[in-house]
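Subject: A structure for you to look at

Hi there,

Here is the structure I promised to pass on to you.

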Amino acid sequence: MISSTIFVIDDEQSIRDGISLSLSPVYRVLTFAAAEDALSCLHGEPPDLILLDIGLPGMDGISALQEIRRTHPDVLVIMITAYEDAPTVIQAMKLGAYDYVIKPILMESLETSIAHALESIRLRKEVRQLQQRYLRENLPCFIAESNVIQDIMEFIFRVAKSPDTPVLILGETGTGKEFIAGAIHYQSPNFLGPLVTVNCAAIPRDLVESELFGYERGAFSGASPAGKRGLIEDARGGTLFLDEVGDLSMEAQAKLMRFLEDGEFYRLGSTKRQQVKTRIVSATNKNLSDLMEQGLFRRDLYFRLGVVTVTVPSLNERKEDILPLVRHFFVEFNNKFGRDFTGISPEAEDALLAHRWTGNVRELKNLVERATLTGRGPELLPGDLGLPACTGTTSPGLRLPPVPPGGVDFPALERAFERHYIDQALTLSRGNESEAARLLNMNHHTFRYRRRRHKEE
Ligand SMILES: Nc1ncnc2c1ncn2[C@@H]1O[C@H](COP(=O)(O)OP(=O)(O)OP(=O)(O)O)[C@@H](O)[C@H]1O
Ligand SMILES: [Mg+2]
């Protein structure tokens, strides 16, 4: 069975034909004399592997390699080169070529290199499948009913595919920033590496540097005698989540900036340079623009952290998410606390929709947790949630005149008031009693009784 597709890009026909002849029985081989032709075919059905000559007329092999790495990072590239091209080969390997073969090509060594490359592709696919399975089985459910949150999730899943693009997540407290940071990690190629969360607001100012970068033994008084690895090193090959990044001191920001620029740092008290590759995801509910205005947050750090920026809207701006979130947490806590609520009353749902959520999803979750624990049942009511019942438009804040010094004939006023509304409602409903009763938020029997009373007067 032919399972892998290989592009061969070489301007020498004899090389194209030779490779094609030997590989065709096992692989699907497409040959191209110019890089431009191959690149335009990449957008259809990309191959698994490309054999790419370095010395090509037109677009050269190195430029083609860069383009392939940029647009199709999953496609592996084996460079074909003449002996004297050693510096170019080194450059190609640095740019992400998988391997190289030297002309005149020994088919045996080319076949070995291809076999290794395809094995590495197979392993990569297997890891991805495991990753997906792990995600499905372990990520807590993220409710995304509103278009705006669905778009954000789609966007971050695309961004997550790169292993090291920094992502800055902005948004009010409780909107789900930490949750999104986790999703980025588990969707990324680094998901097998660690996800290290640093709460920047919780580390005492004078310990930030040693916590992040670690220290050597005896670096400062009170330091552990064995020295300590920093959180950045802990995150090697994974994701470093800098939560509450807006709370970092200016000093710590300067040190972090230095690390972000070249991926290098020193442990405190050490002269040995350390290198770490990790993706930095950061989040804050602070207004960074304000902090920058006040000189409390470095502009260069802002741009470095926010190569990709995601702003999570508040719950009040995406009301479509409120009831799905409530129902989700309601089911979760109803099970957890062994309660047997039958559902959420319409009045409670109205009250939840009308509430202004300053603490966003966290506030909503806490409210549902408490209500599910303490409510009497069988239905969850506005009172259980500690929210006022929502009477909506049926309660126009009436401004009534004060009682005059001579007093009022209250029973007469009350009758006039009632008659006025009953007549109006009947006019609006064209004499339909049930509809008129509904307009006055009365049940049909009460409405009929009152109407009859007025008729009899
Ligand atoms: N869309 C969602 N679906 C399900 N649970 C959510 C969702 N958004 C947030 N949550 C839950 O709400 C709670 C608060 O979310 P999270 O801790 O991610 O907020 P945050 O934006 O980091 O807040 P803060 O700025 O205060 O740190 C968490 O328990 C999280 O699991
Ligand atoms: Mg948070």
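Predicted model: local features only at pLDDT ≥ 70, side-chain atom pairs only at ≥ 80, totals over all residues.

**The layout**

Let's begin with the whole chain. The protein is divided into domain 1 (5-128), domain 2 (145-313), domain 3 (316-390) and domain 4 (416-456). If you look for domain 1 and domain 4, you will find that their centres, taken over C-alpha atoms, are separated by 83 Å.

**The ligand**

Where does ligand 1 lie? Both domain 2 and domain 3 contribute residues to the shell around ligand 1, so the ligand lies between these two domains. In total, 16 residues surround ligand 1, and the closest are T173, G176, K177, E178 and V361. Two elements give two or more residues each to this shell: α7 (177-187) and α15 (360-374). By type, the shell around ligand 1 is made up of six nonpolar, six polar and four charged residues.

**Two pairs of helices**

Take α13 (residues 322-336) and α14 (residues 346-354) to begin with. Their axes come within 10 Å and cross at roughly 125°. An angle from 65 to 115 degrees would count as roughly perpendicular, but α13 and α14 are therefore oblique to each other. Their crossing is right-handed. On the α13 side you will see I322, L323 and V326, which meet E349, L352 and L353 of α14. Of the residues in this contact, five are nonpolar, none is polar and one is charged.

Now turn to α17 (residues 410-428) and α19 (residues 444-456). The axes of these helices also come within 10 Å, and they cross at roughly 110°. Are α17 and α19 roughly perpendicular or oblique to each other? The range for roughly perpendicular is 65 to 115 degrees, so α17 and α19 are roughly perpendicular. The crossing of α17 and α19 is left-handed. E418, R419 and I422 of α17 make the contact with R450, R451 and H454 of α19. The residues of this contact divide into one nonpolar, one polar and four charged.

Best wishes

Technical notes: Residues numbered from 1 in each chain as written. Chains lettered and ligands numbered in written order. Axes fitted to C-alpha atoms, helices over the stretch in contact; angles between N-to-C directions. Helix = DSSP H or I, 4+ residues; strand = E, 2+ residues; numbered from the N terminus. Parallel < 35°, antiparallel > 145°, perpendicular 65-115°, else oblique. Left-handed = near helix turned anticlockwise from the far one by under 90°. Contact = placed C-beta atoms within 7 Å. Nonpolar A, V, L, I, M, F, W, Y, C, P; charged D, E, K, R; others polar. Near = placed C-beta within 6 Å. Domains from an automatic or database assignment.
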